[in-house]
Amino acid sequence: MTAGTTQVGIVGAGPAGLTLARLLGARGIESVVLESRSRDHCEHRIRAGVLEQGAVDLLRAVGAGERLGREGIVHHGVSLQFAGGRHRIPLSELTGGAAITIYGQTEVVKDLIRLRVEAGDPLLFEAEDVALHDIEGDRPRITYRHDGRERELRCDIVAGCDGFHGVSRASIPAGVLRVSERDYPFGWLGILADVAPSSEELVYAHHERGFALLSLRSPTLSRLYVQVAHDEDIGEWPDERIWAELQTRLGLPGWTLAEGPILEKGVTGMRSFVAAPMQFGSLYLAGDAAHIVPPTGAKGLNLAIADVELLGEAVAAWYERGDRSGLDGYTEACLRRVWRAEHFSWWMTSMLHRLPGGDPFDVELQLAQLRYVVSSPAAATTLAENYVGIAGRRA
Ligand code: FAS
Ligand code: PHB
């Protein structure tokens, strides 16, 4: 067994783990990032696409803002489409100028990995059988296998940034966590298509056949989704069927949805999930390891980055001046914002998706809500301020 030591052991090289590593490095705190998958897998796993201003600011602050500033597309509105009409929500007008930035999570991860590798700081891909030990005390250990050799990492703190299916949350003893969750009876089939987006801004569509979303990754790359069954078989969806469904759900008189080669397609399930506390002993959970939101509110990635901003500051305060208040108050500091995002994501999902087995009453409630949001400045502001990112006391 090869033993090593560091200050913070970070499990997972997704947005949470990689951003935390940068934040700690900026404060002179050593960390080792252990990732179970390959670099190529992490850099090409298609996921989120919308960054709140807070996330953009933090990525810039940790030195990951150069390409983001060049290639990120700033949007000042989104549209809701229902009952044959498309209605723009002027996000920036309603929030004193706040905006969102379209920049794929794959790009965020590529930028952060490149920075980590260039800095020569430890980032181990394909770390196998990662296991946490002695997390209830103040000398936790992480064991894992890398390059065929059994290894052990001794550290002061473990950051569980390993996503919903990771090992960290599962390492917390039974009976400690309070889990709140909701599984939805539908999922999203998403495609990445080599075609210029047919709308400059995102379009969220309510349709009797189900929800659809027009999003994008660049001026030549479209990202689109259709609601499907939660256990949909992607094999049942040849490209022609996907485009036909998108044309039906997004189509409007006088507007054309351009089609093109589909480069990637996949089905993702949908759930709301919060595990509390987000810490146990010397283990701190961040991002999807602690909470999941349905992607309708575009919050998942932004929540992960917001968690590690708090965790990074708390860890630095502890090392720099022995102040544990941030660590002790980490869960409470995160959960207000997490539950605000959980509510908003649930609200957007409930308003826009066709509920399997839903009766006309459900549909009329959704349409009434949609008509109200697009006709009342107060209601539109509610959507806008949550969508661009609500922080502080209003969370
Ligand atoms: P991540 O899951 O991104 O990263 C965790 C990392 O830990 C991964 O690299 C994983 O390989 C690694 N890991 C797991 N187990 C490990 C172990 N035992 N040892 C070591 N490493 C381990 N959010 C949006 O806002 N919009 C979207 O459209 C959207 N689409 C999504 C589609 C899918 C299929 C999924 C699963 C999520 C989607 N999300 C979306 C949410 C997503 O963006 C997450 O919120 C975001 O990835 C959270 O980042 P992390 O917390 O870093 O977790
Ligand atoms: C995306 O572009 O992947 C995206 C955008 C907005 C969402 C979800 C996903 O709400």
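How far is an oxygen atom of ligand 1 from a polar backbone atom of Pro-15? The distance is 3.3 Å, a polar contact in the sense of N or O atoms within 3.5 Å of each other.

Before I continue, some conventions. The model is predicted, with local features requiring pLDDT of at least 70 and side-chain atom pairs pLDDT 80 or more, while totals for chains, interfaces and linings use all residues. Residues are numbered from 1 along each chain, chains are lettered from A and ligands numbered from 1 in written order, and side-chain values use heavy atoms, without hydrogens and water.

Let me return to the ligand. A side-chain N or O atom of Gln-105 lies 2.6 Å from an oxygen atom of ligand 1, and a backbone N or O atom of Leu-301 lies 3.3 Å from a ligand oxygen. On its own, ligand 1 has 1,000 Å² of accessible area, of which the protein covers 85% (Shrake-Rupley method, 1.4 Å probe). Around the ligand are 31 residues, and Glu-35, Arg-45, Arg-47, Gln-105 and Asp-288 come nearest; the criterion is a heavy atom within 4 Å. Helix 8 gives the largest share of this shell, three residues; helices are DSSP runs of H or I, at least four residues, and strands are runs of E, at least two.

I turn now to strand 13, residues 157-160. Ile-157 and Ala-159 on one side, and Val-158 and Gly-160 on the other, are all buried, that is, under 20% relative accessible area with a 1.4 Å probe, protein chains only. Ile-157 is the bridge partner of Val-8, and Tyr-284 that of Ala-159.

Key:
Buried < 20%, exposed > 50% of the residue type's maximum accessible area, 1.4 Å probe, protein only. Pairing = 2+ DSSP bridges. Polar contact = N/O pair within 3.5 Å; in protein donor to acceptor, adjacent residues only side chain to side chain.
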